[in-house]
Amino acid sequence: MKILVCISQVPDTTAKIAFSDNNTTFNTQGVTFIINPYDEWYALVRALELKESGAATAVHLITVGKADAEPVIRKALALGGDEAIRIDTDSNDPYSIAAQIADYAKAHNYDLVLCGKESIDYNNGSVGAMVAELLDMNFIGFAASIDIAGNVATVKREIDGGEETDSCVLPLVISCQKGVAEARIPNMRGIMAARTKPLTVVAGAAVTAVSSITAYEMPAPKSGVKMISADNMDELVQLLHSEAKVI
Amino acid sequence: MIVVLVEHSQGVFKKKSLEAVLYASHIAKEMGTGVTAVAMGNVTESEMQSLGAYGAQKVLHTTDARLDNFSSKAYAKVMIAAAQKESAKVIIGLHDTTGKAVMPRVAARLQAGLVAGAVGYPDLSKGFTVKKNVFSGKAFAFVTVTSDTKVISLMPNTFPVVKGEGAATVEQMEAGLTDNDFAVKVLEVSKASGAIPLSEAELVVSGGRGLKGPENWHVLEDLAKELGAATACSRPVADAHWRPHGEHVGQTGGTIRPNLYIAIGISGAIQHLAGVNGSKTIVVINKDPEAPFFKAADYGVLGDAMEIVPKLTEAVKKFNASQN
Ligand SMILES: Cc1cc2nc3c(=O)[nH]c(=O)nc-3n(C[C@H](O)[C@H](O)[C@H](O)COP(=O)(O)OP(=O)(O)OC[C@H]3O[C@@H](n4cnc5c(N)ncnc54)[C@H](O)[C@@H]3O)c2cc1C
Ligand SMILES: Nc1ncnc2c1ncn2[C@@H]1O[C@H](COP(=O)(O)O)[C@@H](O)[C@H]1O
């Protein structure tokens, strides 16, 4: 079984978000980039576990991004994985990203494609299901556990107000979230090994973007908190009723 | 035409789907067109007609016993069939567990631009530009869709649901589904019965490490019960198994946008805020005046949660009694 893990780079969770060029460009100055947590903690680690248990024969990592994405993909390789692929193009149109991943995956016969439930920058949660459609594969979203026996995957996933257990014959695309695996910390051996692992740069396929971000806006600041005395909970309830109109 | 995917639970349309139909009808009016809702599986004729009161002129209904189990492939196929039948220019679903699996498939198949998690109506004066959350609620982006067909998944609980008048006509639709579209088999479904699903709750009471231990959760649960609210928690609380994992909200947990979020003994770390900062009103109860959550709050109460929360529960009880 060959696994492809989709890795995106995102601003650190605590990064200060700011925009430039009249609010049309995300200002990356001073921003540290990390592996998208869902991709790192869950998708990648589960893929590595499947290889360690002998269920998978190869784990490849793929990222769609320019050269500035390389430190992050190397960091992912330090956790594990046999090789990485960087598709040398950048976009914030989820369709374009998915089309690039699908284009590469189509030619390399993966049995399992793992991605995160969403990237914490653009919060689309779309790339995985798009890749599935473009590869004509089945898709299971929001996995909280993944088991593979032979060519059958059994997946627990979140649904509205509960949980569902699904099974599906491979090939399959799965988006991962909490529960799928426990986060790992790269060790020195992994970091050294990552330096010599193959990182192939592939030119992007010809894909026409169908959406683009044309502007950004910061949320209006809260007008300030209204403090209420601990002895006056009736007042709080009244405010929630007549001012906030939420009860 | 605008087609919109409507979800139901045991034959009753979900409130967030009524919201999606209203959202579609608002856009349809502006574009000078109509709304066709797409329903799947076991729903009665009268339930489907009732979508007329939310702005749908027509409902396309695909019945197929296999659709009772969710399959993103099959659902997407039905949506695409409906879009083609209606020559739809705009296709709408929800940004929930169903929509996040279906709408990207529809968009990819039709090579249509997708706005994932819309929180505003399309601005047609600027091409077709829709506002959405980015950076986990720290900012908004305006996404301009340039393809001829547009796909939108609407963030639930963004617009109020108001019932109007009217009945929709119902038409059966054959979508050419095959066994191949149902390769994902559902083996088991477990739902917390009776409780309000967190993702759909309008009122949420949430607790953090400040509550000290699971043995203290009854004070929070009493408040939630009195309010008719769902319960949530911060990540360390779920990690310590004080509460089930499904309740964990934030960057790595669920994202919720209730009308009211009451945070009890939660410091308000940025990763926690990422999951809840779309809430319309935030109440923070914390004993530390420097807790960062107060900066994101509308109302704050300073003090020991174990004393304040029971008082709040009493006040809600009194209020509820006065309303009846
Ligand atoms: C990449 C990443 C992702 C993360 N994702 C998430 C996530 O999804 N969700 C999440 O919640 N966290 C997440 N975290 C963790 C987050 O940074 C915080 O550590 C966490 O939210 C803190 O939880 P807490 O507020 O319950 O606990 P604490 O930070 O310990 O805060 C407890 C609060 O309770 C107050 N308190 C104590 N006693 C009382 C009392 N008697 N009465 C009233 N108040 C009291 C204290 O003043 C304090 O403010 C993430 C962290 C990282 C690095
Ligand atoms: N540029 C990218 N390169 C590789 N994988 C990506 C990229 N963007 C998103 N993904 C994958 O798709 C998942 C969902 O991302 P998104 O649809 O952007 O929220 C992420 O968790 C990644 O696994």
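Select B:Gln10 to begin: it sits in the loop between strand S2 (8-9) and strand S3 (12-13) of chain B. Helices (H or I, at least four residues) and strands (E, at least two) are DSSP runs, numbered from the N terminus. This is a predicted model, in which local features need pLDDT of at least 70 and side-chain atom pairs count only at pLDDT 80 or more, while totals for chains, interfaces and linings use all residues. Residues are numbered from 1 along each chain as its sequence is written, chains are lettered from A and ligands numbered from 1 in the order in which they are written, and side-chain values use heavy atoms, with hydrogens and water left out.

**Backbone angles**

Stay on B:Gln10. Its phi is positive, about 45°, although B:Gln10 is not a glycine. B:Gln10 counts as exposed because its relative accessibility is 80%. The classes are buried (under 20% relative accessible area), exposed (over 50%) and partly exposed (in between), with a 1.4 Å probe and protein chains only.

Now go to A:Lys245, in the segment after helix H6 (233-243) of chain A. A:Lys245 is also not a glycine and has a positive phi, about 55°. With a relative accessible area of 64%, A:Lys245 is exposed.

Next, select A:Leu170 and A:Pro171. The peptide bond that joins them is cis, with omega about 5°. A:Pro171 belongs to the loop between strand S11 (162-169) and S12 of chain A. Most residues other than glycine have a negative phi, and most peptide bonds are trans.

**Where the two chains meet**

Show both chains. In contact (heavy atoms within 4.5 Å) are 88 residues of chain B and 77 residues of chain A. Together the two chains bury about 6,800 Å², 56% of it on carbon and sulfur atoms. Buried area is the accessible area (1.4 Å probe) that two parts lose on being put together, summed over both.

Which residues of chain B lose the most area to chain A? Select B:Thr97, B:Phe135 and B:Tyr299, which together make up 12% of what that side buries.

The interface of chain B and chain A has 35 residue pairs in polar contact, both residues at pLDDT 80 or more. A polar contact is a pair of N or O atoms within 3.5 Å; within protein, one must be able to donate a hydrogen and the other to accept it, and residues adjacent in sequence count only if both atoms are side-chain atoms. Colour helix H8 (residues 305-323) of chain B: with 8 residues, this helix gives the most to the side of chain B that touches chain A.

**Salt bridges**

A salt bridge is a side-chain nitrogen of Lys or Arg within 4 Å of a carboxyl oxygen of Asp or Glu. How many does the rule find across the interface of chain B and chain A? There are 9, and the count over all chains is 34.

Select A:Asp231 and B:Lys311, a salt bridge with its closest N and O atoms 3.1 Å apart.

Move to B:Arg109 and A:Asp136, whose side chains meet in a salt bridge at 3.8 Å, N to O. This pair crosses between chains: B:Arg109 is in helix H4 (residues 99-110) of chain B, and A:Asp136 is in the loop between helix H4 (127-134) and strand S9 (138-149) of chain A. At 44% relative accessibility, B:Arg109 counts as partly exposed.

Then show A:Lys178 and B:Asp239, a salt bridge at 3.4 Å, N to O. A:Lys178 lies in the loop between strand S12 (172-176) and H5 of chain A and B:Asp239 in helix H6 (residues 235-239) of chain B, so the pair joins two chains. A:Lys178 is buried, at a relative accessible area of 16%, whereas B:Asp239 is partly exposed at 39%.

For a pair in chain B, select B:Glu247 and B:Arg243, which form a salt bridge at 2.9 Å, N to O. B:Glu247 counts as buried at 10% relative accessibility, and B:Arg243 counts as buried at 12%. Salt bridges that share partners also join A:Glu133, A:Asp136, B:Lys73, B:Arg105 and B:Arg109 into one network.

**A last stop in chain B**

Select B:Glu86, in the loop between helix H3 (72-85) and strand S6 (90-94) of chain B. Is B:Glu86 buried or exposed? Its relative accessibility is 10%, so B:Glu86 counts as buried. Beyond its neighbours within four places in sequence, B:Glu86 is in contact with B:Met1, B:Val3, B:Thr36, B:Lys58 and B:Leu60.
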